[in-house]
Amino acid sequence: MAIPLASSSLLPLLLLALLVIVAASLTACVLVNYGDHRRMRRRKKKKYHPIAGTMFNQLLNFGRLHHYMTDLAKKHSTYRLLSPFRNEVYTSDPVNVEYILKTNFDNYGKGAYNYAILKDLLGDGIFTVDGEKWRHQRKLSSYEFSTKVLRDFSSVIFRRNATKLAGILSEAAKGKQIIDIQDLFMRSTLDSIFKVAFGVELDSMCGSDQEGAEFSAVFDDASACTLWRYVDVSWRVKKLLNIGSEAKLKKHVKVIDNFVYKLIRSKIELMKNLEDGSSMKKDDILSRFLQVTDTNPTELRDIILNFIIAGKDTTATALSWFIYMVCKHPGVQEKVVQELNKVTHLNGSLSEFANSITEEVLERMQYLHATITETLRLYPAVPVDAKICFSDDTLPDGFSVRKGDMVSYQPYAMGRMKFIWGNDAEEFRPERWLDGDGKFQQESPFKFTAFQAGPRICLGKEFAYRQMKIFSAVLLGCFSFKMADEGKEVNYRTMINLHIDGGLHVLVSRRQESEVD
Ligand code: HEM
């Protein structure tokens, strides 16, 4: 999901909310502690995970939240943070993770809490629901995601957009211009997912489509307002009175709905008018749904918007951290290029070069696959992922959780745990993913949790890898990258996705060995 935790315009409000929450936390912590103590005495047999801090500490460490949580994880593989609203359990223990995400899957989900917050924007889409509703969505969507039609169509879009991006970098290289590559990745992944989902060219990369640019801005803002509900305890009142962020959200959702329903209506018209479906076959997800299912417009709206939110910032942030890593490790950058040299010819036009990156070529790029995976191990696009516990339970480590507790696994902290990855856990070393023959080796998804695991594992994992590999192969084949300011500290901004704070500013230059024009 791609929702900023704190856009700069929301910062003063956020600080005010933090102060209120801090006061409430302190009082609640005392009460919860006391309550825990009494309950523990009553139910002697049950034990609960150690308390490592409170929500107050989280707020104090907001700017370095994932560092803070990693430090706690180094002390306790599973711990509790006290909050006035609910008990929060955080785990980086793969055995507990497997239990929550797979073994007792039905007992941990989005719950009514997340549903209420997300529903206005994401409707009954795959991200917001549990149980039968989720199963239905998952079945419909996983069938589509596994088809060759979608694979081929999306690869064409990725190659085209990677070529477009390389064209922009080419101009920047000529003028020795510093570019914010994260911003460009954000635009190009939005364009890609939009084309794949709706069959519509948004062109936010070049900004040629006014309506598209407006949709993109409104969608980002609506996501920010939705996320704001997680910190604004008064959001329901504001919604009732239609004021502040809630009034803004309502207005934005209307714009989004108009845009999306218009697309759906015109697609339905188009389908009706097709005399010979095969000769004018359309391969975007919306058209495919209309061809093969009898999904109604509201369901379609929810399905497609959820895909857009899922596939937009996740891939863009992962690609940005990948570029950051290869800038910091020029040796790795060179090894990726050597591999590319082996499997493709770095000559011809930009689009010829991009088109030469076929499925077979992608399959042979094992070192690139390992480098992207190593990036995601240390910089997972979703750094923490929370579930709600539906009934009292005991985790495999012997500690109990209660109905209503928030139970989270933490990909960011897990990537840095020595007990999972060995003493070099914090080092960037793509080789850890390769066997003696240089072949990529999968790890347990309960250790490498960047894509979640179990029945709800990311539906777009293969799609995302293909996109990231095509983009990185095209870009590294043509350009060498270095940081615009080598001495500048690069950090994340605390958001649902792991964005690079302030963007990633790089200098690119044409590669000597590449004769791609
Ligand atoms: C580097 C890229 C990506 C990463 C790291 C990633 C990671 C994740 C994670 C952690 C979840 C679980 C979120 C939750 O608990 O709700 C998830 C779910 C999901 N992802 Fe991805 N994702 C990526 C790209 C994509 C793309 C490109 C798409 C589709 C176009 C996609 C589609 C989905 C969907 C539909 C779900 C919901 C699955 C379900 O609840 O059954 N993802 N992803």
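Where does Thr 295 lie? Thr 295 is placed in the loop between α12 (285-292) and α13, where helices (H or I, at least four residues) and strands (E, at least two) are DSSP runs numbered from the N terminus. The model is predicted, so local features need pLDDT of at least 70 and side-chain atom pairs count only at pLDDT 80 or more, while totals for chains, interfaces and linings use all residues. Residues are numbered from 1 along each chain as its sequence is written, and side-chain values use heavy atoms, with hydrogens and water left out.

Thr 295 counts as buried at 10% relative accessibility; buried means under 20% relative accessible area, exposed over 50%, and partly exposed in between (1.4 Å probe, protein chains only). Leaving aside residues up to four places away in sequence, Thr 295 touches Phe 289, Leu 300 and Ile 303, a contact being heavy atoms within 4.5 Å.

The protein as a whole has 21 helices and 15 strands. Of its 517 residues, 56% are buried. The accessible surface comes to about 22,400 Å², and carbon and sulfur atoms account for 55% of this surface; accessible areas come from the Shrake-Rupley method with a 1.4 Å probe, and for residues only the protein chains shown count as cover. Among contacts between residues at least 6 apart in sequence, 75% join residues at least 24 apart.

Leu 475 gives one case of a pair that is separated in sequence. This residue is in helix α21 and is buried, with a relative accessibility of 0%. Leu 475 and Gly 167 are 308 residues apart in sequence, and their C-alpha atoms are 9.9 Å apart in space. Residues up to four places away not being counted, Leu 475 touches Ala 162, Leu 165, Ala 166, Leu 169, Phe 185 and Phe 481.

The ligand is surrounded by 27 residues, the closest being Lys 110, Arg 138, Asp 385, Arg 456 and Cys 458; a residue is near a molecule or strand if one of its heavy atoms lies within 4 Å of it. By class, this shell holds 17 nonpolar, 5 polar and 5 charged residues. Here Ala, Val, Leu, Ile, Met, Phe, Trp, Tyr, Cys and Pro count as nonpolar, Asp, Glu, Lys and Arg as charged, and the others, Gly among them, as polar. The iron atom of the ligand has Cys 458 (SG) as its only protein donor, at 2.3 Å. Donors are N, O and S atoms within 2.8 Å of the metal (3.2 Å for Na, K and Ca), and water is not among the atoms, so sites may look incomplete. Cys 458 is found in the loop between α20 (418-421) and α21.

An N or O atom in the side chain of Arg 138 is 2.8 Å from a ligand oxygen atom, and for Asp 385 the corresponding distance is 2.7 Å. A polar side-chain atom of Gln 452 lies 3.2 Å from an oxygen atom of the ligand. The elements that give two or more residues to the shell are α6 (131-145), α13 (297-311), α14 (313-328), β7 (385-389) and α21 (461-478).

Gln 452 lies in the loop between α20 and α21 and is buried, with a relative accessible area of 10%. Its phi is near 60°, a positive value in a residue other than glycine. Most residues other than glycine have a negative phi. Asn 242 also has a positive phi, near 50°. This residue is in the loop between α10 (235-241) and α11 (244-273) and is partly exposed, with a relative accessible area of 37%.

His 499, in strand β13 (residues 499-500), is buried at a relative accessible area of 10%. A polar contact of 3.3 Å joins its side chain to that of Asp 313; such a contact is a pair of N or O atoms within 3.5 Å, and within protein one must be able to donate a hydrogen and the other to accept it, with residues adjacent in sequence counting only if both atoms are side-chain atoms. Ser 400, in strand β9 (residues 400-401), is buried at 3% relative accessibility. The side chains of Ser 400 and Thr 394 are joined by a polar contact of 3.1 Å.
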